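Subject: Two-chain model, handover and notes

Hello,

Here is the structure I promised to pass on. My notes follow below it.

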Amino acid sequence: MKGRFLQAVTVLGVLLLLAAGCSREEGGGQAAEPTKTVKIGVIAPLTGPLSELGLGIKNSVDLAVRQANEKKTVAGYNILLAAEDDTADPATGANAANKLASAPQVAGVVGTLNSSVSQSVAPVLARANIAQISPANTNDTLTRGPDFKTAPKRIWPTYFRVASLDSAQGPFGADYALGDGGFKTAFVIHDKKTYGQGLATAWADRFKEKGGQVLGTDTVNPGDRDFGAVVTKVIGAKPDMVFYGGEYPEAGPLAAQLKDRGFSGPLMGGDGIYSSDFFKGAGDKADGTLATSVGQPTARLESAKQFVTDYEAAGFSESYSAYGALSFDAANVLIQALAKALPNASDVQGARSSIVTAVTETRSFAGVTGEHSFDEFGDTSNRAWTVYKAESKEWKDIFSGEFQT
Amino acid sequence: MDELIQQLANGVTKGSYYALIALGYTMVYGIIQLINFAHGEVFMLGAFIGLWTFNLGVSAFGWGGTSVVALVVVLLVAALATPVIGVSLERFAYRPLRHAPRLAPLITALGASFLLQQAVAVFYTRGQLQFPDLFPSTSFQIGGASIQLLWVFMVTVALVLTLALTLFIRTTRLGKAMRATAEDPDTARLMGINVDVIIALTFVIGSALAGVGGVLAGMYLGQINFFMGFIAGLKAFTAAVLGGIGNIAGAVLGAFLLGILETFGAAYLGGQWQDVFAFCVLILVLVFRPTGLLGERVSA
């Protein structure tokens, strides 16, 4: 009996080791004549509650890589995708970044989803001189430092993003709430994470500045699902609406519990709640919820039609989701830089700094989400935002505009 | 004042499903001194089994909206299916290690917890799932606070089941055997008690209670996911320690107290203080009463 138990454990252990040994690399198309290999890394949550967004990022980069290999955009090189899971956790993200940084063939990284994860990923990649382009990070401090309002200062010369900033997203949402929304008072809640707190603060500042009234502020704990205490406070304060800075795993139950307990105003959030998974939890109780998100709605963009068709034809089992089109653009900015820098270099590692330079010099890149140029902080010139409203378990775009800080 | 009553109601309701989980922790600890960290996962599976049962009922019998039949069936299936998981855990994860040093089964329990979580995540879903409103959304007013009928139902179920469990342990032959096993398993065996059966029975009862708790929490929170058992289990374990682990009345008292403390912490100090406040109280209690509020009195 004991012997058999041990045997079973040993077999299980060996199986686990084998499974762990299998790498996550996925071929970006047919391996063939090009002799050299270059890798584009992806760091995003591929498992866990935020994986819907993360897998959309990974698949879209995969699509860009496949197309580049077909067209042989980078002469003499075959591009491979090296996707790493950060589980939306900063420490896991740092490990993933270290792994990619130590692989000599890695030339650049697309990611991350979460601003908090980039805070620990960006320094690692910066040390290795690897260009990183995030399709989704909106926290201001990542490109402009902790004093981004008064004394903006770039921290990592290798960090770029095609997503816009919370200092624009917050005010854009607040202007909508006061204008078309017609809300005068609000209760502000956030999850204390880099993104959530930054966004909630930016939103509330603008809301107050433009004549709105913030009746109360509170926080919730990420991972919590019972919001009875804070919902009771909201109902006691009688605001017209609630603003939530955070992501959909908490926003879903929060919206549902607000409605269950008789709150009639809407919940509003940022791009962190703009996901179809929001409805898997909240269902139709979330109707009326408002969300701002980066860029114009992918489905409406003339320039993104080809991307949507190609994505569907590629047969991914997950949707491109909120950041797919931006991830596709981020990957293509990187691929363009590779095409410029790699032919003049002896190997990938030696080309890393010229790749960063090439990305820095990106001007008027015609992407599927619009035109992107990087400014001196590594931020995109594209400042388009859209307000979405939840109607029968779907996000309907109701207003698009630009917000220049 | 209105808000105080409302927050108290929130806390008590939260305490009701903490209590249903805490009972399993405390019973298992009382009888084999094992902290069954996989117990939170049994609670999570209870919620999932409840949802699957409901979905089956929708497609097979056309259930929809709130119905008493659906509610009873879902609760019963959850209470009957979760013991299978609990007993399997005991049989395959804990029994082989019963005479090993105490740390070994503790680590196995953690492993079993991850295994169950990831099994649901990999083979079913990592996303959130909406839980149906099986209970009518009626509410009434008490002193300016709005109390939902569901909350009253949850607290009633928790209290009735605790009472039934206490009576079972105090008055039946099997209950007597459980007490004897908790007191001294070797002597109990000499007295002709089948200790293995009694331990399995403890897991059956604990799991069934957690399964019911899972369904109730699903209805209360409105949605479920594969890691919902982790935090809830941790909190219920804390509640059991607060009340005096091994003690049934203590677990229930601790659970309601923890629910109220958390809610008050979140309501009057701010959401970021919810756990800090609750755990400060826990530390204070343990400083002055190291065995918890009601002391470690085994299985009674």
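How far apart are the end C-alpha atoms of helix H12 (residues 324-341) of chain A? They are 26 Å apart, which agrees with the 26 Å that its 18 residues should span at 1.5 Å a residue. The expected span is 1.5 Å times one less than the number of residues. Helices (H or I, at least four residues) and strands (E, at least two) are DSSP runs, numbered from the N terminus. H12(A) is largely enclosed by the rest of the structure, because 15 of its 18 residues are buried. A residue is buried if 20 or more other C-beta atoms lie within 10 Å of its own, exposed if 12 or fewer, and partly exposed in between; C-beta atoms are placed from the backbone.

Some ground rules. This is a predicted model: local features need pLDDT of at least 70, side-chain atom pairs count only at pLDDT 80 or more, and totals for chains, interfaces and linings use all residues. Residues are numbered from 1 along each chain as its sequence is written, while chains are lettered from A and ligands numbered from 1 in the order in which they are written.

The chains overall

Chain A has 13 helices and 14 strands. Its C-alpha atoms fill a box of roughly 70 × 65 × 40 Å along the principal axes. The radius of gyration of chain A is 22 Å, which agrees with the value near 22 Å for a compact globule of 405 residues. That radius is taken over C-alpha atoms, and the globule rule is 2.2 Å times the number of residues to the power 0.38. Of the 405 residues in chain A, 57% are buried. Take the contacts in chain A between residues at least 6 apart in sequence: 75% join residues at least 24 apart. Two residues are in contact if their C-beta atoms, placed from the backbone, lie within 7 Å.

Chain B has eleven helices and four strands. Its C-alpha atoms fill a box of roughly 55 × 50 × 40 Å along the principal axes. For 300 residues, a compact globule would have a radius of gyration near 19 Å, and chain B agrees at 19 Å. Buried residues are 52% of the 300 in chain B. Of the contacts in chain B with a separation of 6 or more, 78% are between residues 24 or more positions apart.

Helix H7 of chain A

H7(A) covers residues 194-209. Its 16 residues reach 23 Å from first C-alpha to last, close to the 22 Å expected. Buried residues in H7(A) include A:Thr194, A:Tyr195, A:Leu199, A:Trp203 and A:Phe207. Their cover includes helix H4 (115-127), helix H6 (166-178) and strands E6 (185-190), E7 (213-219) and E8 (241-245) of chain A. Just after H7(A), A:Gly211 takes a positive phi of about 100°.

Helix packing

H6(A) and H7(A) pack at an angle of about 45°, with their axes 7 Å apart. Axes are lines fitted to C-alpha atoms, for helices over the stretch in contact, and angles run from 0 to 180 degrees between N-to-C directions. The two helices are therefore oblique to each other. Angles under 35 degrees count as roughly parallel, over 145 as roughly antiparallel, 65 to 115 as roughly perpendicular and the rest as oblique. The crossing of H6(A) and H7(A) is right-handed. Among the residues making the contact are A:Gly170, A:Gly173 and A:Ala174 of H6(A) and A:Gly198, A:Ala202 and A:Trp203 of H7(A).

In chain B, helix H2 (residues 39-61) and helix H4 (residues 103-123) pack at about 25°, with axes 9 Å apart. H2(B) and H4(B) are therefore roughly parallel. Their crossing is left-handed. A crossing is left-handed if the near helix is turned anticlockwise from the far one by less than a right angle, and right-handed if clockwise. B:Gly40, B:Glu41, B:Leu45 and B:Phe48 of H2(B) meet B:Ser113, B:Leu116, B:Gln117 and B:Val120 of H4(B).

Backbone points to check

The peptide bond from A:Gly111 to A:Thr112 is cis, with omega near 0°. A:Thr112 sits in the loop between strand E3 (106-111) and H4 of chain A.

A:Thr87 is not a glycine, yet has a positive phi of about 45°. It is in the loop between strand E2 (77-85) and helix H3 (90-101) of chain A. A:Thr87 counts as buried because it has 20 C-beta neighbours inside 10 Å. A:Ala88 also has a positive phi, near 65°. A:Ala88 is in the loop between E2 and H3 of chain A, and is buried, with 26 other C-beta atoms within 10 Å.

Best wishes
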